[in-house]
Amino acid sequence: MEQENTIFSHQISVRIRLVKEPDVPHLHKLISQMANYHNLSDVFSATETSLSKSLFKSPPYHSFTALILEVSPNPFPNTMAQDLSFNLIIKNNINLETPIIDPEFETLKSRFNGDHIYVAGHVLVYPSYNGFFEKPGLYLDQLFVRNCYRGLGFGKILFSVVASQAASNGMGMVDWLVANWNEKSMKFYEKMGAHDIPEYRLCKLYGEKLQQQQPYSCGELTCTVTTGTGSHMCPPVVPLTLKS
């Protein structure tokens with residue numbers, strides 16, 4: 001009987017909602033799976049504690065914000081549908097052409113509202129700003145759907161939720177990165193209306209290279225400051241020491 005709960009035979013229902021504190025272990029697992037998918041497991045260092053410290057400090061979309069995608073063989077109740085602080089979208093009774101078997105149903109059961117609800121994906125966003133544009137935007141850091149739930153349009157639903165939230169919050173754009181080997185994702189975003197900017201490359205400074213950076217030493221430099229009482233020479237600046 002338990003095995004039947006892992007199979008979506010004919011229909012599947014979806015909801016997307018804001019991540020809450022009890023969801024953090026599931027969110028961490030999803031991010032780990034995405035890191036593995038992108039061959040970034042060697043740099044993956046996020047922990048459940050670090051996620052909890054970054055989330056929940058500010059209203060949604062004012063800082064680091066996570067959304068979670070959940071699925072169920074049963075329709076989601078509408079009792080919370082009007083609570084936009086929890087549910088952003090509910091889409092019930094999506095017809096399936098072939099059955100879906102979730103091999104991780106035991107470890108990815110939802111922490112909210114029902115036994116037969118499973119975590120299928122997530123989104124991470126945070127505010128962004130580009131000096132060339134009039135309005136701030138949302139940076140889409142991660143959009144991930146677990147393998148067994150791909151090809152059902154769930155990525156499109158997640159992306160549309162992010163875009164609609166940016167628009168409703170008065171923002172002017174959503175931006176993100178796509179791996180240059182991921183042609184499937186590039187085609188997906190093109191269909192969603194994205195503008196590709198191939199002239200730019202992503203640059204990052206992290207780990208030891210970040211810690212090795214030192215501020216400029218002005219000990220051998222001089223400068224002149226002009227105030228209301230005249231001009232005077234700046235004293236030498238003592239270099240700061242960064243602690244690792």
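A residue counts as buried when its relative accessible area is under 20%. Keep that cut-off in mind as you walk through this predicted model.

**Stop one: Met34.** Select helix α1 (residues 24–37) and pick out Met34 within it. Is Met34 buried or exposed? Its relative accessibility is 12%, so Met34 is buried. Now show what surrounds it: beyond its neighbours within four places in sequence, Met34 is in contact with His122, Gln142, Leu143 and Phe144.

**Stop two: the aromatic rings.** How many aromatic pairs does the structure hold? There are 10. For one of them, select Trp176 and Tyr189: the ring centres are 4.9 Å apart and the planes meet at 45 degrees, so this pair is tilted. Because Trp176 belongs to strand β8 (residues 173–176) and Tyr189 to helix α4 (residues 183–191), the pair ties together parts 13 residues apart in sequence. Both Trp176 and Tyr189 are buried.

Next, highlight Phe8, Phe105, Tyr118 and Tyr149, which ring pairs link into a cluster. Then move to Tyr37, where Arg150 lies over the face of the ring, 4.9 Å from the ring centre.

**Stop three: a pocket.** Finish at the second largest pocket, which holds about 170 Å³ of space. To find its centre, select Leu18, Val19, Phe56, Ser58 and Pro60, the nearest to that centre of the 13 lining residues. Colour the lining by residue type and you will see 8 nonpolar, 3 polar and 2 charged residues.

Methods:
Residues numbered from 1 in each chain as written. Predicted model: local features only at pLDDT ≥ 70, side-chain atom pairs only at ≥ 80, totals over all residues. Heavy atoms only, no water. 1 Å grid on protein atoms, 1.4 Å probe; cavity = no way out; pocket = protein on both sides within 12 Å on 5 of 7 lines; lining within 4 Å. Points joined across faces, edges and corners; volume = space filled by probe spheres on them. Nonpolar A, V, L, I, M, F, W, Y, C, P; charged D, E, K, R; others polar. Phe/Tyr/Trp six-rings, centres within 6.5 Å; stacked < 30°, edge-to-face > 60°. Helix = DSSP H or I, 4+ residues; strand = E, 2+ residues; numbered from the N terminus. Buried < 20%, exposed > 50% of the residue type's maximum accessible area, 1.4 Å probe, protein only. Lys NZ or Arg CZ within 6 Å of the ring centre and 35° of its normal. Contact = heavy atoms within 4.5 Å.
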